[in-house]
Amino acid sequence: MLKKLLIANRGEIAVRVIKTAKSLGYRTVAVYSEADAKALHVEMADEAVCIGPAQVSASYLKADAIIEAAVRTGADCVHPGYGFLSENSGFSKACKDAGLVFVGPPEAAIELMGSKRRSKIAMQEAGVPVVPGFEGDNASDEELIDAAKNIGYPLMIKASAGGGGRGMRLVEKENELADNIQRARSEAKQAFGDGELILEKAVIEPRHIEIQVFADQHGNAVYLGERDCSVQRRHQKVVEEAPSPFVTPALRQAMGEAAVKAALACGYEGAGTVEFLVDKDRNFYFLEMNTRLQVEHPVTELITGQDLVAWQLSVAEGLPLPLAQDQIHLNGHAIEVRLYAEDPANGFTPQTGPLHQFRPAEGEGLRFDTGVRSGDAVTPHYDPMLAKVIAWGANRNEARRRLLRALEDTTVFGVTTNRYFLSRIIADDVFGAGEATTAFLQQAFRDDPSLAPKEISLRELALAACVFSHGNSGPDAARHDINRSWSNAPSTVTPMKLEVGEKTLALLVRRVGNHFTVTRGEEQYELNLESLGDGLLCIIDKGVRQQCQYHCRGDHLYLQASGQAVALRDVTHQPASGAAASGSGRIKATMDGAIIDVLVEVGQTVKRGDTLVILEAMKMEHPVKADRDGTVGEVLAAQGDQVKRSQLLVEITTAEANSDSNTEEAGQ
Ligand code: MV4
């Protein structure tokens, strides 16, 4: 009997695995890097072992350190999660050699599926449809050019050691072939240390549809329906759903049976995913098999009612599969989106910084898989995914509606996210019609407003003016009935300056009782402030009573109205801009480069002009300096980090902002 599971991962997947393991009575052991000492997955596990510094190569990829932690804590099995060591056959073997059960497939299956060329041959032999092409052993340029004559154009050149879109080239015409082979070869050597290439006919505007399979140690295998992951951006999945709106019952059965053949042919055990390309005529072709539990497994769980981590643990213990094929039924529809700290309006640059508030929406049919909570920081060390937001509905539109609402009602204050981009996709008509292929984001969605910088509206400025005008706006402030307290207040007109991004906007705020008239240039906005406090602002706007979420932190205000988040700062009482003005305290990298030294730590008092961090770029050292006096609130860079221009490195809070944050913590 297995009793104690070590989770060789971090973040949401570690949390996800710990939840099921605990519910089944397992003791759990987390591993963590120095940067993750206070992470949720560490807090949730029974025991935790530090395995090294922040960099993944020195911690989460250190097989030896992880196995040593398992031995030291007396764990008897290891769950690798996804990414990191999950598809490393050496790690699977090392676990076994140390007497630990690896919760995943045997090494041979991992190894076979790691080669595009060998897996394609094996699948073809097993009777699984593959894209017509050429899979010669270490084929020379000449052999490839020769083989291309029988394939036709357009065709794809793929690196045998590649996967997930890496090392892949599309060739439209014969005269572009030789050159592309050479480039693909040198790229593959560079990226994978292996220049082996294969050729395939190109499938035009395919859908990416994958089948969840499960196999046990007794020769049984089943499929648990498909997931449609066609909505991708640069081979990163953005939306995943089950079932696929494109798959008919007959296609599901044919793909499911092919996927089961694939699993049986490679001696598979545990959870696996067989990826297929599906063309417009519903022909399907094997692409690759992922030998791990995937990020998007929750949509399958929601429509099958099964816990796939529980299945994995049960198979790892040697038990037969929990259900036979005819006992697996699909119910309703589930859609997942990946909520990221990234800026869609800025080429999807990863965002780092403190997560002042993260409050998942609540409601029927919703599931949030997350590894972070309010107060955590998003650092440059790891993938900036904040959460997977998943909605179930009895039908596709019910799932879409619930997901859309969940995205609009979730608050993330502190870092820019792709939340609005996600909600625009879910609401989109092409997506709604079930017509999104892998070309959707590049074509129908390319000019979407969520991909452009947001212009703050006068309505949002007016909402901010209401909050800033009202002194008692701290997060702990009780709900305040404005009508009662302000009904006798005299009318006032106050100028206000609000900083939004790089801009400072001047407003005139006129208040009569609870009625606000906010003027910017020629434009005016009127609203009635009803109540304020507890992070919720209630207004009457053109006769409609509405609510909006906000969060105050010193002179910073985060506001979420109509599903979009904005961050503002009240600079009314700051000295006029110019050389003497102090900055926002959000100290960012001035260019792409490497951090060679960090000179300050959290809590340290700094003066404007003090050097905080040294950045090396273009072979020169650049001091990054404080733009205001204050206290170092967050340090988001460590020596050795590669950083992007505009990436947040240090946050300086004013003395006043700091005392605010203390009350906030005391109130939680
Ligand atoms: C293809 C293809 C068209 N024809 N192969 C990209 C990821 C990698 N796993 C395989 N990929 C593709 N292979 C042939 N023969 C188009 C893609 C492709 C794609 C596949 C799945 C999801 C998104 C994609 C986006 C662009 C291209």
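The model is predicted: local features need pLDDT of at least 70, side-chain atom pairs count only at pLDDT 80 or more, and totals for chains, interfaces and linings use all residues. Residues are numbered from 1 along each chain as its sequence is written, and side-chain values use heavy atoms, without hydrogens and water.

Start with the open sheet. Its 4 strands run in the order β6-β9-β7-β8, with antiparallel pairing. Strands (E, at least two residues) and helices (H or I, at least four) are DSSP runs, numbered from the N terminus. Two strands pair if DSSP finds at least two bridges between them. β6 joins β9 (residues 197–201) through 2 antiparallel bridges. Here glycine 133 faces glutamate 200 of β9.

Helix α8 (residues 177–192) packs on the sheet and touches β7, β8 and β9 (contact: heavy atoms within 4.5 Å). Its direction makes about 15 degrees with that of β7. Angles run from 0 to 180 degrees between N-to-C directions, on axes fitted to C-alpha atoms, for helices over the stretch in contact.

Helix α6 (residues 116–125) lies across β6, β7 (155–163) and β9, at about 105 degrees to β7. Its buried residues are Lys116, Arg117, Ser119, Lys120 and Met123. Buried means under 20% relative accessible area, with a 1.4 Å probe and protein chains only. Their packing partners include α5 (107–113) and β16 (284–290).

Now move to helix α12 (residues 396–409), which holds arginine 400.

Definitions and conventions. Buried < 20%, exposed > 50% of the residue type's maximum accessible area, 1.4 Å probe, protein only.
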